[in-house]
Amino acid sequence: MDSPMCLVENADGELHVVPGAIKYLMGLNQQVVVVAVVGLYRTGKSYLMNKLAGKRKGFALGATIQSKTKGIWMWCVPHPEKRDHTLVLLDTEGLGDVEKGDSKNDAWIFSLAILLSSTLVYNSRGTIDNQAVENLQYVSELTERIKVNSSSAASSSHDDEEGGDAQFVQFFPNFVWAIRDFTLLLEIDGRNVTEDEYLEHSLELRKGGGKKSLMYNLPRECIRNYFPSRKCFVFPTPTTPANMPHLDSMDEADLCGSFRKVADTFCRFIFQESRTKTVKGGHKVTGRMLGHLVNTYVETIAKGSVPCLENAVLAMAQIENQAAVDDGLGVYQRGMEEVKVLFPVDMGQISAHHLRSDHQATQLFMKRSFKDENGNFLKALVVAIAKHYADLLIQNEDASEKKCAALLEKLSAPMAQKTKEGIYTTPGGYELYCNHHDNMVAQYRAEPIKGVRAEEILEQFLREKSLEKNSVLQADKKLTENEKKIHEEKARSAVLEQEKKAAEEKRAEMERTMEDDRRSKDEKLKQMEEKMKEEMKQQEQDFHRALECKMQEQKDLLEKGHKEKADLMRQEIEEFKKSNTPEMEGDGFLESKVMPVLRFGLDAANTFFQYKLMKVAFMK
């Protein structure tokens with residue numbers, strides 16, 4: 001993407017997605033790291049995003065008191081350090097823009113930035129004083145504007161969320177506070193401190209239960225609870241006040257050296273520490289999936305509802321999993337076209353192509369699908385592939401039948417002409433007929449690439465010719481009645497022997513097909529199990545990360561003397577553990593997830609047999 005484009009418009013007090021931006025995301029199959037910047041208008045947010053993009057210009061900086069960014073703008077660039085990842089930069093409309101008059105959308109833009117990002121950068125100017133913290137008023141409203149579970153999406157009560165704030169911690173982005181034009185010394189009580197220590201000191205809670213303390217603590221508690229992973233950068237003024245309006249056109253070398261140093265450290269931190277965007281369940285997000293999320297969240301807000309992480313993931317999973325089925329089937333069909341053009345082929349050849357194409361289709365499905373907890377979409381792919389394979393088997397059989405019938409017609413033409421001319425009705429004609437007949441069968445068997453119905457079509461041909469053969473036998477005056485009976489028995493034995501060969505051919509085809517089905521099922525179970533183990537591992541990591549953050553927060557509260565708040569935090573942690581325990585039961589949980597997939601083989605086999613029965617019924 002050469003330049004930023006608007007992702008979410010904010011027009012006339014309403015938010016709308018921009019179709020062109022969604023289309024771009026839908027074509028982006030790489031996993032994404034999403035960095036969003038929020039803050040008051042005209043605080044230099046766009047400069048930071050241009051810096052992360054590695055460009056001097058891109059997001060509009062502006063040089064007046066008017067806000068330049070409206071809605072949410074997006075810039076997708078190759079991630080400088082994560083291979084096969086795209087860095088998605090989201091520059092949001094400045095909060096508190098006086099020109100808007102009605103600031104009701106500020107909270108929604110702030111909420112969208114949290115929902116969509118893996119790292120949230122809050123940009124402010126000056127210092128972290130009480131006013132700067134209170135400007136983050138939207139943090140205290142998050143529980144009213146974002147729900148984690150669908151069971152609580154219809155309710156406005158924060159208490160409906162099992163595990164409380166810890167649920168949000170699992171899915172909320174890392175938090176980075178960027179302080180611009182910082183002119184103070186980093187000292188607390190005469191002691192030098194780091195930027196992070198400065199931030200933590202600014203977020204310390206006041207003791208006491210008075211109204212002033214409660215109001216003071218509320219935004220700080222929210223920041224501490226929702227964003228346990230916090231980082232701070234303090235930027236000195238980049239240039240003289242006279243040059244500030246021309247910041248976007250100035251060379252880097254002309255900027256203050258200390259400013260450049262902090263900016264480089266900031267970018268390096270973002271590149272190295274920002275995680276791949278994930279959603280509830282630990283699933284990593286691609287650009288295409290991010291597009292679905294933007295659509296879902298903005299549509300939900302437009303309807304006056306509260307965005308729900310679980311509902312958004314479920315809606316996205318339905319779309320992505322169906323697309324995974326379609327893509328997987330497409331891969332299978334394209335793979336089978338290679339063998340289809342060769343029909344008729346033997347069972348081994350079509351089986352090898354089937355297993356290879358089926359494996360490729362399943363791999364693609366596993367890569368794209370997620371949250372297919374009962375295996376319904378994988379089963380849909382299995383059945384679709386089974387139906388297509390069964391249809392190809394029938395087409396291969398038809399091609400084999402046509403080729404074999406045409407071959408027999410060609411090889412038997414000389415005998416038909418001799419029969420018409422009466423060559424075989426003379427004494428000794430039966431012996432001549434048998435010699436020609438056996439030679440014709442030998443020529444038929446010597447012909448390569450006849451397909452899977454070679455013996456069956458020959459058996460039908462011999463049965464049809466048995467009356468003709470018997471007529472020649474009975475007309476041969478050279479043979480005695482006893483010799484005729486012996487030849488009749490030999491002819492019947494030959495037909496029965498051919499019937500056995502045809503039956504063996506059918507049995508071998510059926511066994512090969514069922515073996516293919518078994519191998520296919522085992523392959524899918526293996527891939528499904530590996531995928532679920534990886535997903536559970538990611539969920540467990542997210543769970544423990546959130547748990548560790550909350551336990552550290554509880555420890556900090558105790559050390560600062562906030563025993564009552566620490567006790568509440570302990571209760572929240574226990575609820576969080578209980579609500580997540582079923583997801584962490586290891587092999588037993590995995591077994592319950594994988595077991596439904598065991599029906600795949602039966603589904604596929606039944607489909608094949610149905611097609612075979614339909615074929616038999618049609619032939620009858």
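Of the 620 residues of the protein, 50% count as buried, where buried means under 20% relative accessible area, exposed over 50% and partly exposed in between, with a 1.4 Å probe and protein chains only. The model is a predicted one, so local features need pLDDT of at least 70 and side-chain atom pairs count only at pLDDT 80 or more, while totals for chains, interfaces and linings use all residues. Residues are numbered from 1 along each chain as its sequence is written, and side-chain values use heavy atoms, with hydrogens and water left out.

The protein holds 19 helices and 12 strands. These elements are DSSP runs numbered from the N terminus, namely H or I of at least four residues for helices and E of at least two for strands. Among contacts between residues at least 6 apart in sequence, 74% join residues at least 24 apart; contact here means heavy atoms within 4.5 Å.

Eight strands form an open sheet with mixed pairing, in the order β2-β1-β4-β5-β3-β6-β7-β10; two strands pair if DSSP finds at least two bridges between them. At the edges lie β2 (14-17) and β10 (230-234), each of which pairs on one side only. Direction ignored, neighbouring strands of this sheet are turned by 20° against each other on average.

Seven bridges join β3 to strand β5 (residues 85-92), and the two run parallel. In this pairing, V35 has L89 of β5 as its bridge partner, and V37 has D91. β3 also pairs with strand β6 (residues 119-125), in the parallel sense and over five bridges. Here V35 stands opposite T119, while V38 stands opposite Y122. Because six of its seven residues are buried, β6 is largely enclosed by the rest of the structure. Strand β6 pairs in turn with strand β7 (residues 174-180), in the parallel sense over seven bridges, and the bridge partner of T119 in β7 is N174.

Two packed helices are described by the angle between their axes and the distance between the axes. Helix α11 (residues 309-340) packs against α13 at an angle of about 20°, with the axes 9 Å apart. These two helices are therefore roughly parallel to each other; angles under 35 degrees count as roughly parallel, over 145 as roughly antiparallel, 65 to 115 as roughly perpendicular and the rest as oblique. Their crossing is right-handed. A crossing has this hand if the near helix is turned clockwise from the far one by less than a right angle, and is left-handed if anticlockwise. On the α11 side the residues that meet α13 include Q318, N321, V325 and L329, and on the α13 side F377, A380, A384 and Y389 are among them. By class, this contact has 11 nonpolar, seven polar and one charged residues. In this scheme Ala, Val, Leu, Ile, Met, Phe, Trp, Tyr, Cys and Pro count as nonpolar, Asp, Glu, Lys and Arg as charged, and the others, Gly among them, as polar.

N321 of α11 deserves a mention of its own. At 1% relative accessibility, N321 counts as buried. Leaving aside neighbours within four places in sequence, N321 is in contact with F365, S369, F370, K371, D372 and F377.

Helix α13 (residues 376-421) has a further partner in helix α16 (residues 481-559), where the axes come within 12 Å and cross at roughly 155°. α13 and α16 are therefore roughly antiparallel to each other, and α13 passes α16 in a right-handed crossing. L378, V382, Y389, L393 and E397 of α13 meet E509, T513, D516, K524 and M528 of α16. The residues of this contact divide into five nonpolar, one polar and four charged.

Conventions. Axes are lines fitted to C-alpha atoms, for helices over the stretch in contact, and angles run from 0 to 180 degrees between N-to-C directions.
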